[in-house]
Amino acid sequence: MNGRKVSSKRSAVGLSVLSIVVFVILMFPIYWIVVTSLKKEIEIFKVPPTLVPHELNLDSYVAQLKHGDFNMFGSFKNSFIISASTMLISLVLAIPASYGIARFKFKGKRVFLLSFLVTQMLPVSVLLTPMFIMFRNAHILNTQLSPILADATIGIPFSVLILIGYFASIPRELEDASRIDGCNRFSAFLSVFLPIAMPGVVVCVVFSFLYGWGDLAYGMTFLQDQVMRPITAGIFNFMGQYGTKWSYLTAFAVVTIAPVVLIFVFMQNYIISGLTSGAIKG
Amino acid sequence: MKRIRRFFRNGNIGYLFVLPAALYMILLAGYPIVSNIILGFQDVNVSSLNKPDKPFVGFHNYRILLEDPVLRTSLVNTFVFTIGCLVLQFSIGFALALFFNRGFPGAKPIRGLMMIPWMIPMTVTALIFKFMFSSNVGIINQALQAIGLVAQPIDWLLNPISARFALIVANTWIGIPFNMILLFAGLTTIPVELTEAAAIDGATRWHAFRKITVPMLKPVIEAVLMLGFIYTFKVFDLVFVMTNGGPANSTHLLSTLSYKLSFSLFKYSQGAAVANILFVILLTVSVLYLRFVYEDKEAA
């Protein structure tokens with residue numbers, strides 16, 4: 001069952017081939033929208049469907065650049081601002097908090113830990129209506145601050161829980177040694193702790209960014225003005241307006257997932273470690 | 001210097017580190033939770049939204065909702081959706097984890113790349129599957145017609161039963177990698193010697209799986225299922241974009257129904273009440289999950 005060594009070379013090759021088949025089946029939906037975005041509208045309706053575009057068509061992308069009855073790249077920028085700010089807030093607050101929980105003993109520590117765990121499981125639905133009213137009263141509705149503030153409520157607890165593990169794993173001797181070398185607590189934190197926790201910080205950077213990038217509910221509810229909305233809300237809008245213009249819609253989808261796939265390809269190991277440690281250690 | 005050291009040795013400085021994040025979460029998560037509960041007992045709509053004192057109506061919202069067939073459908077849908085997704089994504093994810101655990105050339109990069117469906121925004125996943133399930137251009141209908149299984153295209157998203165099925169398929173696609181990667185991580189902690197010894201003793205693969213792999217993996221399996229429940233039970237984007245509860249309110253989940261009541265019908269209090277029902281169910285499962293994680297840690 002658990003044999004890491006497979007009995008013969010031939011069966012190893014067989015497994016490799018099988019894994020590629022499984023991979024192709026599971027990834028087909030993504031392949032399919034990429035291909036569709038490169039087809040002409042007429043070819044999309046062809047029966048039987050064509051697996052590769054007969055005539056390469058980049059219009060769906062170019063059209064977005066030229067005339068903008070809907071500006072895809074504008075909403076791309078909005079998503080970027082929202083995600084990057086979410087990430088910044090999450091890190092600035094989560095790094096000290098996780099350090100504090102991991103390295104100090106104080107009353108109520110368990111309560112903090114438990115509340116971070118519970119908030120991580122909160123459904124968007126519970127926060128949406130009260131936040132809407134709250135932001136409305138604070139006059140920040142229809143500014144990008146409102147989805148940023150809301151998205152960080154997912155990024156902070158996640159980052160705290162990930163980073164606690166990293167900070168807690170650092171041996172106390174290392175800290176003592178740095179003190180003898182004349183570091184104060186703060187410089188010890190910067191020169192000793194932070195570098196060791198760096199892999200964890202990268203996980204938090206990636207995930208808090210992706211939480212912001214993937215959000216639809218906050219972005220479309222708090223921002224009424226299409227010009228300010230993130231790309232996910234843009235897609236939703238576009239689907240309502242051009243429900244059957246699949247070449248445009250799929251191009252839009254490809255542009256939305258492109259940064260996610262790029263981040264993933266470069267950060268694969270970090271992401272998988274973040275997912276497994278976040279869930280199991282949870 | 002001594003005094004400073006003593007102060008630092010005193011753990012209380014920990015508060016200073018935790019305080020900013022804690023305040024943020026109290027203000028932007030704690031306060032909304034409390035005000036959502038209060039909102040469920042008030043009658044807030046467009047006209048009373050701006051008034052300082054909002055009428056208190058007790059359980060009125062909940063009573064209205066309980067008589068509403070749409071709420072009942074949504075509650076049933078949410079459970080059917082969650083259980084359906086859990087069963088599918090867990091069994092497929094487990095099978096893939098066992099498969100990749102056999103180790104063969106190329107296993108690592110392929111296993112990694114299969115995480116992509118879990119990473120992409122749910123809005124895009126919803127768009128992809130809306131396209132694939134669409135009546136006239138969907139590849140699923142085209143494929144079924146090509147192999148002669150159906151004569152006429154099926155209106156997948158226009159029929160309550162098949163629309164629910166399509167939603168489960170789409171969400172399972174997201175959940176498979178999540179289950180696979182966690183179960184795989186669990187499998188790698190089981191020593192190879194154990195199963196090898198069992199094989200020498202003449203145990204069949206199935207027997208070794210039942211008697212060794214599953215029991216040793218039990219904590220991971222329970223964690224995966226409970227986390228899967230929590231994540232699936234609160235899904236919003238996917239259903240909102242793919243069917244938006246339609247046709248005729250038949251595919252609403254509690255999350256999308258809550259959104260519709262609050263932001264399409266502007267019955268903020270009823271929307272909040274539905275969200276509270278969702279919250280109570282999730283909280284119960286979360287507490288069970290946490291208790292179980294803690295017990296496990298203390299036992300270890």
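**Figure 1. The two domains of chain A.** Chain A is assigned domain 1 (9-57) and domain 2 (65-281), with bounds that come from an automatic or database domain assignment. This is a predicted model, in which local features need pLDDT of at least 70 and side-chain atom pairs count only at pLDDT 80 or more, while totals for chains, interfaces and linings use all residues. Residues are numbered from 1 along each chain as its sequence is written, and chains are lettered from A and ligands numbered from 1 in the order in which they are written. Between the C-alpha centres of domain 1 of chain A and domain 2 of chain A there are 32 Å. Where the two domains meet, 7 residues of domain 1 of chain A are in contact with 6 residues of domain 2 of chain A; two residues are in contact if their C-beta atoms, placed from the backbone, lie within 7 Å. On the domain 1 side, α1 (9-37) and α2 (41-44) of chain A are the elements that give two or more residues, and α1(A) supplies the largest share, 4 residues. By class, this side of domain 1 of chain A has 3 nonpolar, 2 polar and 2 charged residues. Here Ala, Val, Leu, Ile, Met, Phe, Trp, Tyr, Cys and Pro count as nonpolar, Asp, Glu, Lys and Arg as charged, and the others, Gly among them, as polar.

**Figure 2. Chain A as a whole.** Look along chain A and you will find 12 helices and 0 strands. Helices (H or I, at least four residues) and strands (E, at least two) are DSSP runs, numbered from the N terminus. The C-alpha atoms of chain A fill a box of roughly 70 × 70 × 35 Å along the principal axes. Of the 282 residues in chain A, 45% are buried; a residue is buried if 20 or more other C-beta atoms lie within 10 Å of its own, exposed if 12 or fewer, and partly exposed in between, with C-beta atoms placed from the backbone. Among contacts in chain A between residues at least 6 apart in sequence, 74% join residues at least 24 apart.

**Figure 3. Where chain A meets chain B.** Chain A brings 81 residues to the contact and chain B brings 83 residues. Helix α12 (residues 246-281) of chain A gives the largest share of the chain A side, 16 residues. Sorted by class, the chain A side has 60 nonpolar, 18 polar and 3 charged residues.

**Figure 4. A helix pair across the two chains.** Helix α4 (residues 72-103) of chain A packs against helix α2 (residues 13-40) of chain B at an angle of about 135 degrees, and their axes are 7 Å apart. Axes are lines fitted to C-alpha atoms, for helices over the stretch in contact, and angles run from 0 to 180 degrees between N-to-C directions. α4(A) and α2(B) are therefore oblique to each other, as angles under 35 degrees count as roughly parallel, over 145 as roughly antiparallel, 65 to 115 as roughly perpendicular and the rest as oblique. To find the meeting point, look for residues of α4(A) including A:Leu93, A:Pro96 and A:Tyr99, which face a group in α2(B) that includes B:Phe17, B:Pro20 and B:Tyr24. The residues of this contact of α4(A) with α2(B) divide into 11 nonpolar, 2 polar and no charged.

**Figure 5. The two domains of chain B.** Chain B is divided into domain 1 (1-40) and domain 2 (42-299). Their centres, taken over C-alpha atoms, are separated by 33 Å. In this view, 5 residues of domain 1 of chain B are in contact with 9 residues of domain 2 of chain B. The touching side of domain 1 of chain B holds 3 nonpolar, 2 polar and no charged residues.

**Figure 6. Backbone details in the loops.** Most residues other than glycine have a negative phi, and most peptide bonds are trans. A:His139, though not a glycine, has a positive phi of about 60 degrees. This histidine, A:His139, sits in the loop between α6 (124-137) and α7 (145-168) of chain A, and A:His139 is exposed, with 8 other C-beta atoms within 10 Å. In chain B, the phi of B:Phe266 is also positive, near 55 degrees. B:Phe266 is partly exposed, with 14 other C-beta atoms within 10 Å. A cis peptide bond, with omega about -5 degrees, joins B:Gly246 and B:Pro247. B:Pro247 belongs to the loop between α12 (237-242) and α13 (254-263) of chain B.
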